[in-house]
Amino acid sequence: MKNRQVAKILYEVADLLELQGVQFKPRAYRRAAQAVESCPTPVEELAREGRLSELPGVGKSIAEKIEEIVATGQLKYHQELKKALPIDLHALTQVEGVGPKTAKLLYEELGVRTLADLEEAARQGKIREIKGLGPKVEEKILRGLEEARRAQRRELLGYALPLARDLCRKLLGSGTVKRVEPAGSLRRGKETVGDLDLLAVSDRPEQAAQAFTSLPGVEEVLAQGPKKSSVRLSGGFQVDLRIVPPESFGAALQYFTGSKAHNIRLRERAVARGWKLNEYGLFDEAGNRLAGEKEEDIYRALDLQFIPPELREDQGEIQVAERGQLPRLVTAEEIRGDLHVHTNWSDGRGDVGELAEAARARGLTYIAVTDHYKFSQAIRGVTADDLLRQLDEIARLNEELKGFRVLSGVEANIQRDGSLDVPAELLRRVEVVIAAVHSHFRLSKRQMTERLVRAVEHELVDILGHPTGRLIGERPPYEADWQEVLHRAAKSGTALEVNANPQRLDLAAPMIREALEVGVRLAIGTDAHAPEHLDFLELGVLTCRRGWAESGQVLNCLSWEEFLAARKRGA
Ligand code: DGT
Ligand code: CA
Ligand code: CA
């Protein structure tokens, strides 16, 4: 059973509990669901090895539930909860404009159980008739339906990226290919990936195709040939392999990296010169090859700056490249610290020292330890007392660590009214304050905007954590006037987080670009709840790059001393 399917059941339990008005438990289930969904190892394997509780947010009770799901394919507790509301809540709430409450209302009023029912009800104009919903909601649902359908079939980048690397490594290891690289949306760093497109060069294409279709994890061979092969992995993810001659590799890489919209613009540019551009190369009127071996040569021959894959979305990048004014995108090598890390002082795994070591091993020179402040009995967070003791531990550790710095911090909760739950005297004691929304997600647009504005304007808040609250494929962003929030953040000098958790990637790339335009600074945070989660950092960097961010706009590119001076409080 796929992690995603296990997660789906846990998410539904969370939503059903929430509808019953149960406190705190929904959050625990949601966190566990997130951990399962973003875990690169199949949970079946973890269950077999008795390692489920290694997942952040998975305690004994939820571990047992996961074991039951893995063993039987379902969960009795879930079935019981579902009797009261026998609908496909998980699928329905993925549609923007449909929260659990609306789903319940639609079931009670119109008998809507599935996405198909929802679509029918919306098309027949029945939703606008319901008190409290109206024509605007109906329109939104119709738009959201399409998006939700698409998202359901896609994999998170954080899952697909390590998978792609592993497949490439194994294929190279087979000795049948000279070179293999991922193209497609994965190479563009897109937050979700529909299928994987690999490109290879080989002297023995037949054997390479055979090696590819025999890779571990291949469930079904859809096609096998010297030029193109296609497989479906267990779990349903499709991988295409194309084998191309070395003199066409650059052209093929360009073509299959896409996006399709970018390619169309680029081809128009070639055609305007009387040339031809395809996956084999760039050719002039007489059919002479102008470029093809290297991707860079194609852009150069078309009088363009090299356009990094992350920008190839037909969002104006070709015009900007023509003027030679592309941003110098932030790179992973420039990142010096992680600004959002949890430890076993709250709900993370690993102590401060272990997180510091893991960060150092990844080439970083600092981390900010920002454990959750305790706001409920059900959530493991730090109390005021813990936080003071943690400060001592961090100070001691910093004495020992050479060339590495642990910054003290806290992740404060933004309460319903926009105030923080951590007393100001504590906020003053720590070096990094992240403020984030963890409850009351469904306020009116005006209330949510006022709440977020109040938080970013708080004099002690350095970073607004996972600003829009979206969970990819699970929960759309909060309703808020984002232009207003960005504007106020820029004005008050509060950074916006690019949370690098694979499920979040929040801010998302399009909003990063908007944020940068109004002068907002970015802070990448892995939100690590275990040492290995520091690997998520690269997802944050990719997302920043897709948002056209340069290193000067990303606080993590500063040294820790520079960062402290650059904070709102430092200025
Ligand atoms: P995905 O898989 O849905 O996440 O998105 P992509 O971008 O990986 O799309 P995919 O796998 O359908 O195709 C890979 C690339 O191949 C795509 O980004 C651009 C290129 N491509 C595919 N079909 C066409 C086409 O009809 N015209 C052009 N110009 N390029 C295409
Ligand atoms: Ca693809
Ligand atoms: Ca494809």
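In the predicted model, the buried residues of helix H23 pack against helix H10 (157-173), strand S11 (337-341), strand S16 (495-499), helix H22 (509-517) and strand S17 (522-525). Helix H23 spans residues 537-546 and is mostly covered, with 9 of its 10 residues buried. The buried set consists of Leu537, Leu539, Gly540, Val541, Leu542, Thr543, Cys544, Arg545 and Arg546.

Leu452 counts as buried because its relative accessibility is 0%, where the limit for burial is under 20%. When neighbours within four places in sequence are left aside, the contacts of Leu452 are Ile414, Val437, Leu464, Pro467, Ala480, Trp482 and Val485. The C-alpha atom of Leu452 is separated by 36 Å from that of His262, a residue 190 places away along the chain.

Two calcium ions, ligand 2 and ligand 3, are 3.8 Å apart, and Asp195 coordinates both. The calcium ion (ligand 3) is coordinated by Asp195 through two OD entries, by Asp197 (OD) and by Asp240 (OD), at 2.2 to 2.9 Å. Along the chain, the donors of this ion (ligand 3) follow the spacing D-x1-D-x42-D. Asp195 lies in the loop between strand S3 (192-193) and strand S4 (196-201), whereas Asp240 is in strand S7 (residues 238-243), so the pair ties together parts that are 45 residues apart in sequence.

For the calcium ion (ligand 2), the coordinating protein atoms are Asp195 (O), Asp195 (OD) and Asp197 (OD), at 2.2 to 2.6 Å. The site of the calcium ion (ligand 2) has 6 donor atoms, with angles of 69 to 166° among them, and is irregular. The coordinating aspartates were also assigned by accessibility. Asp195 counts as partly exposed, because its relative accessibility of 23% lies between the limits of 20% and 50%. Asp197 is buried at 11% relative accessibility, and Asp240 is buried with a relative accessible area of 4%.

The model contains 2 cavities of 30 Å³ or more. The largest cavity has a volume of about 40 Å³ and is lined by Gln254, Tyr255, Asn263, Arg267, Leu277 and Asn278. Helix H13 (249-257), helix H14 (260-272) and strand S8 (276-278) are the elements that give two or more residues to the lining of the largest cavity. By class, this lining has 2 nonpolar, 3 polar and 1 charged residues.

The second largest cavity has a volume of about 30 Å³. Its lining is made up of Glu37, Ser38, Cys39, Pro40, Gly158, Tyr159 and Pro502. By class, the lining of the second largest cavity has 4 nonpolar, 2 polar and 1 charged residues.

Definitions and conventions
Residues are numbered from 1 along each chain as its sequence is written. Chains are lettered from A and ligands numbered from 1 in the order in which they are written. This is a predicted model: local features need pLDDT of at least 70, side-chain atom pairs count only at pLDDT 80 or more; totals for chains, interfaces and linings use all residues. Side-chain values use heavy atoms; hydrogens and water are left out. Donors are N, O and S atoms within 2.8 Å of the metal (3.2 Å for Na, K and Ca); water is not among the atoms, so sites may look incomplete. Helices (H or I, at least four residues) and strands (E, at least two) are DSSP runs, numbered from the N terminus. Buried means under 20% relative accessible area, exposed over 50%, partly exposed in between (1.4 Å probe, protein chains only). On a 1 Å grid over the protein atoms alone, a cavity is a set of points where a 1.4 Å probe fits but cannot get out, and a pocket is an open set with protein on both sides within 12 Å along at least five of seven lines; lining residues have an atom within 4 Å of a point. Grid points are joined across faces, edges and corners, and a volume is the space filled by probe spheres set on the points. Ala, Val, Leu, Ile, Met, Phe, Trp, Tyr, Cys and Pro count as nonpolar, Asp, Glu, Lys and Arg as charged, and the others, Gly among them, as polar. Four donors count as tetrahedral if all angles lie between 85 and 135 degrees; four count as square planar and six as octahedral if opposite donors are over 155 degrees apart and all others between 65 and 115; anything else is irregular. Contact means heavy atoms within 4.5 Å.
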